[in-house]
Amino acid sequence: MTQEMLVNAIVYGMGNSGILFLVAIGISIGFGLMRIVNMEQMVYYTFGAYFTYTMVSSTGSFLLALVVGTLVAAFLGFLVEIQLLRRVYGKELMFTMVVTFSVFLIGIGIIQFVWGLASKPVSAPIHAMIPILGASVPLYRLVIFAISILVYILINLFLNKTIFGKAIRAGIENPYQVQGLGINIRRIFTITFVVASGLAGFGGVLNAPLVGVAPYMGFDMLLFAFTTVILGGLGSIKGTFVSALILGQVMSVGSAIYSPLSSLGPFVVMLGVILFRPAGLFGIKGRAFGFEE
Amino acid sequence: MNFLKRIPGPFLLLVLVIVARYLFPNKMTFIVEIMMFSIYIMGNDILYGYMGMVSFGQPFYLGVGAYTAALYLAYLGHDPLVAMLLAIVSGAVVALILGPIYIRLRGDYFALINAATCAIGLFLVEKPLLKITRGDDGLWYRTRMQPEWFFDLRQPAQFFWFAVIILAIVLFLYRWLDRSALGAAFRGIKVNEGKMKFLGYNTFALRWIGYGFACILAALSGSLYAINFGFVNPSITEPGRAAEALVATLLGGAGTVYGAFFGTVAFLGIKDLVSTFFTRWEFAVGVLTMLVCFFLSKGVWGFLNELIEKKKRKASPV
């Protein structure tokens with residue numbers, strides 16, 4: 001493999017990592033705080049991508065699409081949270097998984113009904129190629145990576161520096177205690193969920209130019225997102241970030257070496273890690289939901 | 001109604017199936033599908049209904065059985081029965097290999113790692129093993145199948161009787177499992193695993209056994225599909241279809257002997273009806289799951305049972 005190919009593969013991997021982090025963070029936080037597995041998180045991702053297609057093809061402005069896609073996704077998340085998820089908090093995990101998965105299926109059905117089955121192309125907002133180490137790489141992928149790092153820093157600042165973020169962290173430790181202190185935990189749930197679904201939609205908008213917008217795009221991403229979350233450890237933001245970095249590179253550098261690795265690699269890495277650390281890289285044994293002992 | 005109680009339940013079910021087949025002769029393929037699918041659902045019911053483990057990757061095990069049978073029939077031999085036995089063995093082997101890794105994981109991790117397995121399986125069949133499995137075109141081997149000395153499985157009418165026999169065996173074994181100490185231990189795991197451990201049960205081994213049963217039943221069902229259709233393509237292991245198994249299990253009433261069968265009847269029936277109005281199944285299956293989750297949490301069989309209980313209470317006022 002030449003140096004040019006390697007640089008290209010790494011930059012592509014950085015783009016993958018950025019998207020993976022944005023879509024997986026909602027699942028991770030949702031699990032840590034609300035103790036539910038958000039199978040329907042990818043509905044917001046898919047809707048974000050479809051609104052990007054609609055906005056870009058009607059107005060031609062990607063920035064507008066970014067705003068609209070994110071807001072629509074956040075609004076959908078809001079609706080689902082107050083109408084549905086409030087009914088399932090505290091129920092057994094299996095129940096929440098099945099219910100949220102059915103929301104996901106309904107979302108796919110609606111998308112097929114509104115936009116049809118065919119895959120839609122979206123043109124990238126930044127076409128520039130920049131030279132790095134003798135290879136010319138697409139700037140857009142680097143921008144995605146930079147944005148995701150920014151989001152990671154902002155989330156960490158928010159959780160550690162603001163009083164609201166501290167309440168969320170306390171809620172992750174013990175939601176009942178937080179409620180006992182007179183903090184409205186339901187409102188914290190709603191706001192966290194809206195932010196998470198907004199981020200998933202944001203990821204969908206950014207990813208729309210890179211992959212074709214299709215009804216089943218969420219399904220492929222769901223598996224990768226869950227692989228990211230499991231590898232990092234459910235409920236850990238740092239773990240999600242690190243595993244997104246790893247898996248993005250596994251997908252792109254791996255596929256440069258042996259092409260099936262692009263979709264097989266993440267699962268293989270996850271299986272390998274799960275074998276030795278059943279709670280994931282940064283998951284805490286005993287606290288993570290699946291491990292009682 | 002008293003004499004009905006003396007007859008074992010599985011017999012009644014089988015009589016029901018056979019009567020339905022002659023009442024609606026043009027619905028025979030549908031009835032055969034119900035029998036094949038209900039074996040698959042029974043496997044999932046052991047995982048979900050008895051032990052409380054959700055798996056989003058059941059189509060993988062279905063696909064293992066179907067592809068084992070298909071590969072045998074397409075390349076090696078001509079005997080459908082051997083293909084079926086090989087499929088059962090393949091299910092057991094998969095359970096032996098993957099079991100120790102997966103069983104350690106609880107709840108959510110188990111569900112998601114199964115979904116990932118299913119994605120790997122679909123990908124393997126579609127891309128790296130393309131030369132053997134012929135990818136999306138599927139394997140066709142109907143002409144290579146040879147009649148048994150007692151059945152010609154290529155003929156739908158005879159396959160029906162074959163499926164009835166297989167279903168009978170599975171149902172009786174399943175009822176035996178339900179009443180045995182093993183079934184009780186499975187339920188114990190669902191209710192309180194810590195306590196089971198405290199009582200001295202090796203819950204790891206119990207989970208492994210249950211998982212093995214689920215794999216074997218799914219593989220058996222997959223091989224029946226393969227033999228019945230005479231061809232197999234990757235759509236049988238699509239991860240998207242994982243929801244079907246869960247919905248059918250929930251719909252019937254999880255953790256009961258006959259729940260799986262009635263769930264299958266309800267699920268396939270509704271799917272059959274809906275597909276005449278909608279072309280896409282996702283929306284319908286999603287709404288259906290939601291309704292079952294919130295309003296029919298005990299499933300069709302549980303609902304029927306409750307009705308019977310109520311009648312009994314009315315009949316004998318305390």
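These legends describe close-up views of a predicted model.

**View 1. The side of chain A that touches chain B.** In this contact, 34 residues of chain A meet 34 residues of chain B. Helix H4 (93–115), helix H9 (217–232) and helix H11 (261–276) of chain A each supply at least two residues to the side of chain A that touches chain B. H4(A) gives the most, with 15 residues. By type, this side of chain A holds 27 nonpolar residues, six polar and one charged.

**View 2. The largest nonpolar core.** This core has 195 residues. Among those touching the most other members are Ala225(A) and Ile230(A) from chain A, and Ala69(B), Ala70(B), Ala115(B) and Val247(B) from chain B. Helix H1 (residues 3–34) of chain A gives the most to the core, with 16 residues.

**View 3. The surroundings of Ala115(B).** Neighbours within four places in sequence are left aside here. Across in chain A, Ala115(B) is in contact with Leu223(A) and Phe226(A). Within chain B, Ala115(B) is in contact with Phe56(B), Gly57(B), Pro239(B) and Ala242(B).

**View 4. Helix H10 of chain A.** H10(A) runs over residues 237–257.

**View 5. The hairpin of S1(A) and S2(A).** Strand S1 (residues 129–132) and strand S2 (residues 135–138) of chain A pair in the antiparallel sense, over four bridges. Met129(A) has Pro138(A) in S2(A) as its bridge partner. Two residues lie between the strands, and Leu133(A) takes a positive phi near 50° in this hairpin.

Terms used
Residues are numbered from 1 along each chain as its sequence is written. Chains are lettered from A and ligands numbered from 1 in the order in which they are written. This is a predicted model: local features need pLDDT of at least 70, side-chain atom pairs count only at pLDDT 80 or more; totals for chains, interfaces and linings use all residues. The expected span of a helix is 1.5 Å times one less than its number of residues. Two residues are in contact if their C-beta atoms, placed from the backbone, lie within 7 Å. Ala, Val, Leu, Ile, Met, Phe, Trp, Tyr, Cys and Pro count as nonpolar, Asp, Glu, Lys and Arg as charged, and the others, Gly among them, as polar. Two strands pair if DSSP finds at least two bridges between them. A nonpolar core is a set of buried Ala, Val, Leu, Ile, Met, Phe, Trp, Tyr and Cys residues joined through C-beta atoms within 7 Å. A residue is buried if 20 or more other C-beta atoms lie within 10 Å of its own, exposed if 12 or fewer, and partly exposed in between; C-beta atoms are placed from the backbone.
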